[in-house]
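Please keep the sequence and the model in view while reading.

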Amino acid sequence: MLEVQNLTVAYSDTPVFTDVAVNFNAGKITGIIGPNGAGKSTLIKAMLGLIKTQTGTVTFNGHTLKQFQKQIAYVEQRKDLDLTFPINVFDVVLTGTYGRLGLFRQPSKADRKRCLEALKQVDLAEFADRQIGQLSGGQLQRVFVARAILQKADLIILDEPFVGIDLQSETAIMAILHGWRDAGKTIIVVHHDLNKVSRYFDDLVILNHGIVDYGPVADVYTPTNIERTFSADLSAVLFAQGGAQA
Amino acid sequence: MNSVTTFVTALGRYDFLQSALITAIMVGIMSGMIGSFIILRGMSMMGDAISHAVLPGVAVAYMLGINVMIGASIFGILAAGLIGLVASRSKIKTDTSIGVVFSAFYALGFILISLAESSTNLHHILFGNILAVSDTDMMTTTVVLGLVILFVVFFYKELLITSFDPTFAQTYGFRVQILHYALMLVLTLVTVSALQTVGIILVVAMLITPAATAFLWTDRLAVMLGLAATLGAISSVVGLYFSYTFNWASGPAIVLVAAGLFGISFVVSPKQALLPTLFKGKARLRRATA
Ligand SMILES: Nc1ncnc2c1ncn2[C@@H]1O[C@H](COP(=O)(O)OP(=O)(O)OP(=O)(O)O)[C@@H](O)[C@H]1O
Ligand SMILES: [Mg+2]
């Protein structure tokens, strides 16, 4: 379980959120939803120690971030990568082993084999030798999911992984997430397509400059919460007859 | 071709020319390798800045009679640190911060040099004087080349990932900043070695041009490093030959050869360039219709 206690983050004078407390359960896929600018990506970066926090503690199964850092796989929302970099798809995925290897050790034969398998899982095996810039947006996204597979992480965090990606790839990635869930891993997915909330997630966190509500999807994904966080109109559309069950 | 024979004969006869050639080759190799990382990290400006910012260090080393490498390293790292500090502690962008810091260091260097030494030496520092390379210079260059190779071999993974995807390295707890400053230190050492062959003003050319040329030919980082090193070495040899034969200044001769190789690659290389685009366009059309 990932536990967050009184977490406060401020980029400027006004904090994005104050004293956030929330838990993410192992063996569950937890969705995070909230309007643009609500602080979803900020919460994730703060949990991972990528940005400065004002207050707060984050522990994973009782361990501090420093102790569990190597068990995290994180796929960023928008990557400002240099797509002309001289590296191919295979080698990008292989960097997923770097954290575990540490200094002075090189990926082994077995690592390379797993790398190819990960590429197969995201249906990119034929692109292994392709330079990284010669991929579509959706293919690139799947490369980063393949890298996350190689990290063998216990905590997997994906920030808007389905943006610009076709339904087929989305389903393939969800299947991988289900596999991880069944293996007891902790999975966190920031997502903006509210239609799929009840289908995709076990637990849900609603964020809007602070926690609106969190818990099992059935308890949290309610017309009242959606109305409070987004708008009455949206809530009406989503929860119109049959809408919520979709 | 007669002039080539003359050059080779002279090489056999004159020790100073041998030392010059060996040193120039070593500098070509190390600047090709480090330069590859500099351009991939989008730090060409930083390479230029560090190469100028070592000037006060060179002057202080002369004054105190200590090894030039030590004086230069201190000021190189100091400049890199100040640039980072100004950029991170204010809203000023990195390239602006570079401009402010390096010009100040450069100016300070000029004043210190003029206090310390005669103007001929300043000329050598600015434009290089490969034919005056001493045995100690050659030894120092050898040590730096060894360091560069060890650095790149032992930290290849880390150099790759922090150049390509630093946030990812951060998520698994790698100290990206430490490697950055290590690279700056190595860059400073390479810069000081290159001072002898091409001078301060053209150091950036040795860092950037062979690496940029190599980049045009390959999609693999390891290949790019080897190619950049080779191109750096070739530029040095051919440049020195021109320098000896036509009595050109050695630094500019080496840099022009490197630029010539870049020019050729720009036209014929598969990645970038003018000719292949035509063929590629046709191939794509064929694939589309197939
Ligand atoms: N680097 C930054 N510097 C200053 N302010 C920032 C920075 N990053 C985000 N913010 C601000 O913090 C708030 C939260 O941003 P965040 O990126 O966490 O939102 P989000 O919920 O992920 O939104 P989206 O759905 O658009 O991805 C926003 O108001 C944003 O403008
Ligand atoms: Mg976001």
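Predicted model: local features only at pLDDT ≥ 70, side-chain atom pairs only at ≥ 80, totals over all residues.

Ser41(A) belongs to helix 1 (residues 40–47) of chain A, whereas Gln77(A) sits in the loop between strand 6 (72–75) and helix 3 (89–94) of chain A, so the pair ties together parts that are 36 residues apart in sequence. Glu76(A) is found in the loop between strand 6 and helix 3 of chain A as well. Apart from neighbours within four places in sequence, Glu76(A) is in contact with Asp159(A), Asp165(B) and Thr167(B).

| Residue | Relative accessible area | Class |
|---|---|---|
| Ser41(A) | 16% | buried |
| Gln77(A) | 35% | partly exposed |
| Glu76(A) | 13% | buried |

Ser41(A) and Glu76(A) are classed as buried because their values fall under 20%.

**Strand 6 and its partner**

Strand 6 of chain A is covered on both faces, with Ile72(A) and Tyr74(A) buried on one side and Ala73(A) and Val75(A) buried on the other. In a regular strand, side chains alternate between the two faces of the sheet. Strand 6 pairs in the parallel sense with strand 7 (residues 155–159) of chain A over four bridges, and within this pairing Ile72(A) has Leu155(A) as its bridge partner.

Elsewhere in chain A, four strands form an open sheet in the order 2-1-4-5, with antiparallel pairing. Its edge strands are strand 2 (17–24) and strand 5 (63–64) of chain A, each of which pairs on one side only. Strand 1 (residues 2–9) and strand 2 of chain A run antiparallel and are joined by five bridges, and Glu3(A) stands opposite Asn23(A) in strand 2 of chain A. Helix 1 of chain A lies across strand 1, strand 2 and strand 4 (55–60) of chain A, and runs at about 115° to strand 1 of chain A.

**The annotated span**

The UniProt record, an unreviewed entry, places the feature "domain: ABC transporter" at residues 2–234 of chain A. In the model, the end C-alpha atoms of residues 2–234 of chain A lie 31 Å apart, and the span is 36% helix and 24% strand.

Terms used. Residues numbered from 1 in each chain as written. Chains lettered and ligands numbered in written order. Heavy atoms only, no water. UniProt positions renumbered as here; feature names shortened; annotations may be inferred. Helix = DSSP H or I, 4+ residues; strand = E, 2+ residues; numbered from the N terminus. Buried < 20%, exposed > 50% of the residue type's maximum accessible area, 1.4 Å probe, protein only. Pairing = 2+ DSSP bridges. Contact = heavy atoms within 4.5 Å. Axes fitted to C-alpha atoms, helices over the stretch in contact; angles between N-to-C directions.
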